[in-house]
Amino acid sequence: MSSLDIRSMTQETLGEWLKENGQPAFRAKQIREWLDAGVTDFLQMTNLPKDLRATLAAEFTIPGVTILRKLTSAIDGTVKYLFRLDDGETVESVLMQYKHGWSQCLSTQVGCKMGCTFCATGIGGFIRNLSAAEMMAQIETAQKDAGVRVSSVVLMGMGEPLDNYDNVVQFLRMLGQEGGVHIGMRHISLSTCGVVPGIYRLMKEQIPLTLSISLHAPNDEIRSRTMPVNRRWPIDELLTACREYIEATGRRISFEYAMINGFNDSDAHAEELADRLQGVLCHVNLIPVNAVAGKAQQRSSRLRIQNFMKVLEKRGINVTVRRTLGADINASCGQLRRQADQQDEGKEALP
C-alpha cells in the first residue's frame, strides 16, 4: 500500500511531482479542487486522464476521517466528535458556535507525551502524530456533517501542536490557501504547554496566528507538579521566549490559566502571576478546570474565579473567564476517546 499522502501536499509540491512524472503542472489545480471537495477516490476525478488517475491511485493515498461517535449539547449546540482515522486510531474534535461564527477545536496528535495532570488526553500515552491531511479532514468532515462553515480554528485538542511541528505548519500553510477550507491565519489559535524551541521556530515562520500558552501556575513549584514540561523549560525560560516572540511578531500572547480549587487560585497566586506578566503584551484566559475521571482536581468556585480576576484587573492585566461550552457532553478533549477505549477493552474481556 502506498504511504504517500496527497492531501498533505501543497498545490506547488504536487505540480512539481506531476512535472517530474511527465504530466502538465496545471493538473495540480484540478486535483486540489477534487480534494478540497472531499473526493476520496481518484477514479472520481473525471477531468483527469484515465492513465493519470490510475497512476495517482497507485502512488498516493487520500487520508480522511470518519465519524465514530457524535455528541450534541442540548444547552448550546456544541458538537463533540470522535473521529476514526484510516488506521483505526481515534481523535476528538469540538465544533462550537459563537456570535462571530463557528469555531472548531482540532487534535494534532493521537494521545500526548506531555503528561499534564489535569488533562484526559495523556492518560493513554502517546500513539502518533497526525498528518496535515488528517487535521484538515477534521474540519472538512465536521463542516459536511453539520452543514456549516468553520471560520476559526483552535489547535487545542488532543496532543501538543509544537511536538508535531512540521505537520502542523504544513497544515497552517494549506489552511491559508485559496479554495477548500481557506481560513486566514488571524482566525487561528495555537496552544502549547510551553515547548520553548517550538516557540522560537514558530516565531521565525512569521505566521500571524494567536499563540496561546498553557501556563496554569504562577511559579515553578506549582507548575512542575501539574505540568512535567516545566522541568525541562521553567517559567522564566518560557516567558523569555514569549517576550522575544512578541517583539519579533508584534502579536499579543494569550496565557491560559486553569483554575483548580485550593491549588493555584488564591489572591496571593493572582498577585504572583501579575508580577510575572507585568509589562508583557498579553491576555489571561481563566479556565474553570474540567473534572476528569481518575483525576483529583476540582474547579474553583465562581466567587474564587471572580476574586482572582479582580486582582489581575487591578494590576492592569487584561483578563477574561472562558465561556464554558458543551458542559453536558464533557466537551474538553480526551474524555470521549478514553470512554471508547474502555468500552472496547470491556468487549475484548467478554468470554
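Select E140 to start: this residue is buried, at 15% relative accessible area. The model in your viewer is predicted.

Show both side chains. E140 and R7 form a salt bridge, and their closest N and O atoms lie 1.8 Å apart. Trace the chain between them. E140 sits in helix α4, residues 132-146. R7 sits in the loop between β1 (4-5) and α1 (11-20). The two are 133 residues apart, so the bridge links distant parts of the chain.

Next, select D163. D163 is partly exposed, at 25% relative accessibility. Its salt-bridge partner is K113, with 3.3 Å from N to O. D163 lies in the loop between β9 (150-155) and α5 (165-175). K113 lies in the loop between β7 (109-111) and β8 (126-129). The pair therefore ties together parts that are 50 residues apart in sequence.

Move on to R201 and D166. Their side chains meet in a salt bridge, 3.1 Å from N to O. R201 belongs to helix α6 (residues 196-205) and D166 to helix α5, so this pair ties together parts 35 residues apart in sequence. How exposed is each partner? R201 is partly exposed, at 42% relative accessibility. D166 is exposed, with a relative accessible area of 54%.

For the last stop, select D87, R128 and E134 together. Salt bridges with shared partners join these residues into one network.

Terms used: Residues numbered from 1 in each chain as written. Predicted model: local features only at pLDDT ≥ 70, side-chain atom pairs only at ≥ 80, totals over all residues. Heavy atoms only, no water. Salt bridge = Lys/Arg side-chain N within 4 Å of Asp/Glu carboxyl O. Helix = DSSP H or I, 4+ residues; strand = E, 2+ residues; numbered from the N terminus. Buried < 20%, exposed > 50% of the residue type's maximum accessible area, 1.4 Å probe, protein only.
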